[in-house]
Each structure stands twice: as C-alpha cells, then as structure tokens.
Amino acid sequence: MNDAFFMFCLPGLLGLVIGSFLNVVIHRLPQMLQAQWKAEALDTQEMPPETEAPTYNLAKPGSHCPHCQHALSWHDNIPVLSYLMLKGRCRYCQAPIGWRYPGIELITSALFVWIFMRYGFGMEALAWSGFAAALVALAAIDADTTLLPDAITQPLIWSGLLASSLHLTGSALSTSLWGAVAGYLFLWSVYWLFKLVTGKEGMGQGDFKLLAALGAWLGWPALLSLVLIASVTGAVLGLWLRFRKKLTEEGYIPFGPFLVFAGLWVMLFGPLPGFQM
C-alpha cells in the first residue's frame, strides 16, 4: 500500500495541483503580457492612486467564474473532483466550464506519475516534472494565442543547461549546450529562408526558443527526431483541418503544440529509431 501510494498517488496528486496552477498561468499570463505591451506602446505615465488599474497577476484576483465573476470557494477549486461534482458548470450561473481545465490537470498528473515511476523520488524526477509542466503550459498558451512567452521559454533553456550541469538529464553539458544552439539556429534558418522565398513569416520567434529549450533538455542528438515528429504531426493535423474546412483563412497553425508533443514523446520514449543524430 505504501509503495503504491508513493509510486502513483503522491505524484498523481502533485500533478493535479500543479495542473490546476497551470490553468491559471495559461489563462492569465497572455493577458498580463498584452496589458504590459499596451502600456509600453502608449508610453503611459504612472497613474494616480485613485485611478490605478486593479492588480492582475497570477495570484490576484482570486479564482472566479469568467462568466458571472463570482468568487470561487475552495471546494469549487479541487482539481478534477470539483468539475465532476459540478457536472462541468458554474455553481452560481450554470455557465459551462471548459473541459480543458480538468484535461490539463489530468495530463499533468499522468506525466508526473510516469516521470516518478521512471526516475524515483529525487531531483531528477523533480527536474523532469518541471520540464513537462512548462511544456504543457506552453502548448495551451500557443494554441490559444499563438504566443510562446519568453517568461517560460527562456527559463526553460537555462534550467535545461543547469539540470544538465548537475547531471539530472542524462546529457553532458556540452551536448545540452549544442542542443540549445543548434535548435535555435535551425528554426531561425528555416524562418529566414521561408521569408526570403515567400516574403511571409512562417513561424514566430518563440518557436526558435522552444526548440532551443528542448535541445537543452534532451541534447542535440534528439533534434532530428523532435523536428520530424513535430513536422509530421503538424502536417497531418493541417491536412485534416483543411479536409474538414476548419483551417483559418490564413492557413496558420501554431507550431508550438507540435514541438511540445515531440518533446514529451522523446522524453517518454526516446528519439525515433534511426533518427538520432
């Protein structure tokens, strides 16, 4: 019983809690960035105290229904369980709660269980759990907003190099360093080649940083597998959306979620056979 608790229940519960926090990050961080960019663009002066905008960050205001703005009680914020008890609707206004909230929590929980089963209870498991959590947040934010915030991608690069230097990733520091450099330069080169040929931007610069972060954590030998998995899954989904006539007018699909899928795949199962550099 104790072994099962420590192997499955404890990591699973930790993953649910972290997944609940990731939902806050996914919802609020893009809005915080938009507000910051707007303020910088307007070059506003500091507002007098009586007209200052309400504080809005990852901690404030407290959790509330986005439809009726009613503050949520602690028993409405229990990961997954509250969603099931409320039957996917707000307790106060009966507006539907998006399925992605429990989905993010369950995905994060499953990843944590797998990571702790593989690495045991130690710094390696904590490091890879942080890596997985950051990727889940990036995938959802990019899918919603086409943004890959520097506030997540840049620390992910540096933490990958730090984890490698502490022998927590299985890659030598030089392997991780060149993984970050080659990952960034590869998509940077693709971006400029596409722009020179078509005159259009084919991807955002956040994709460069995300692949650099994956290279820092997984090492340069994994880059070919990462790019191949992300490209194939992206192309398949793009063709399916086009067939279903659900592709946007611009025909643009964020590449970040596919890079995240590739990163998690390589973390879970290793590079594709025959495609390890």
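## Ile115 in helix H3

Ile115 is part of helix H3 in this predicted model. The relative accessibility of Ile115 is 0%, so this residue counts as buried, the cut-off being under 20%. Apart from neighbours within four places in sequence, Ile115 has contacts with Gly120, Ala125, Trp128, Ser129, Ala132 and Met267.

## Helix H3 against helix H9

Ile115 and Met267 also take part in a contact between two helices, H3 and H9. On the H3 side are Leu111, Trp114, Ile115 and Arg118. These meet Leu264, Met267 and Leu268 of H9. Sorted by class, the residues of this contact are six nonpolar, no polar and one charged.

Two numbers are used to describe a pair of packed helices: the angle between their axes and the distance between the axes. For H3 and H9, the angle is about 30 degrees and the axes are 11 Å apart. An angle under 35 degrees counts as roughly parallel, and H3 and H9 are therefore roughly parallel to each other. Their crossing is left-handed.

Ile104 is found in helix H3. With a relative accessible area of 6%, Ile104 is buried. The residues touched by Ile104, leaving out those up to four places away in sequence, are Gly19, Leu22, Asn23, Ile26, Val136 and Ala140. Ala140 is 36 residues from Ile104 along the chain, and their C-alpha atoms are separated by 8.7 Å.

Ser109 is found in H3 too, a helix that covers residues 100–119. The relative accessible area of Ser109 is 11%, so Ser109 is buried. Ser109 touches Pro11, Gly12, Gly15 and Leu16, again not counting residues up to four places away in sequence.

## Helix H4 against helix H9

Helix H4 covers residues 123–145, and helix H9 covers residues 256–269. They pack at an angle of about 160 degrees, and their axes are 8 Å apart. Angles over 145 degrees count as roughly antiparallel, so H4 is roughly antiparallel to H9. The crossing of H4 and H9 is left-handed.

From H4, the contact involves Trp128, Phe131, Ala132, Leu135, Leu138, Ala139, Asp142 and Ala143. From H9, it involves Gly256, Pro257, Val260, Gly263, Leu264 and Met267. The classes in the contact of H4 with H9 are eleven nonpolar, two polar and one charged residues. Trp128 and Ala132, listed here for H4, are also among the residues in contact with Ile115.

## Helix H7 against helix H9

Helix H7, made of residues 205–218, packs against H9 at an angle of about 5 degrees, with the axes 10 Å apart. That angle makes H7 roughly parallel to H9. The H7 residues in the contact are Asp207, Leu210, Leu211, Leu214 and Leu218. The H9 residues are Gly256, Leu259, Val260, Gly263, Val266 and Met267. By class, there are eight nonpolar, two polar and one charged residues in the contact of H7 with H9.

Met267 of H9 is named in the contact with H3, in the contact with H4 and in the contact with H7.

## Two residues with positive phi

Most residues other than glycine have a negative phi. Val80 has a phi near 65 degrees, which is positive, and is not a glycine. Val80 sits in the loop between helix H1 (2–42) and helix H2 (81–85). At 17% relative accessibility, Val80 counts as buried.

Thr146 is likewise not a glycine, and has a positive phi of about 60 degrees. The loop that holds Thr146 runs between H4 and helix H5 (150–165). Thr146 has a relative accessibility of 45% and so counts as partly exposed.

## The chain as a whole

The protein chain has nine helices and zero strands. Along the sequence, the pattern is α-α-α-α-α-α-α-α-α. Of the 277 residues in the protein chain, 39% are buried. The accessible surface of the chain is about 16100 Å², and carbon and sulfur atoms account for 67% of that surface.

Among contacts in the chain with a separation of 6 or more, 71% are between residues 24 or more positions apart.

Terms used: Residues numbered from 1 in each chain as written. Predicted model: local features only at pLDDT ≥ 70, side-chain atom pairs only at ≥ 80, totals over all residues. Heavy atoms only, no water. Axes fitted to C-alpha atoms, helices over the stretch in contact; angles between N-to-C directions. Helix = DSSP H or I, 4+ residues; strand = E, 2+ residues; numbered from the N terminus. Parallel < 35°, antiparallel > 145°, perpendicular 65-115°, else oblique. Left-handed = near helix turned anticlockwise from the far one by under 90°. Contact = heavy atoms within 4.5 Å. Nonpolar A, V, L, I, M, F, W, Y, C, P; charged D, E, K, R; others polar. Buried < 20%, exposed > 50% of the residue type's maximum accessible area, 1.4 Å probe, protein only. Areas by Shrake-Rupley, 256 points an atom, 1.4 Å probe, with all protein chains shown as cover.
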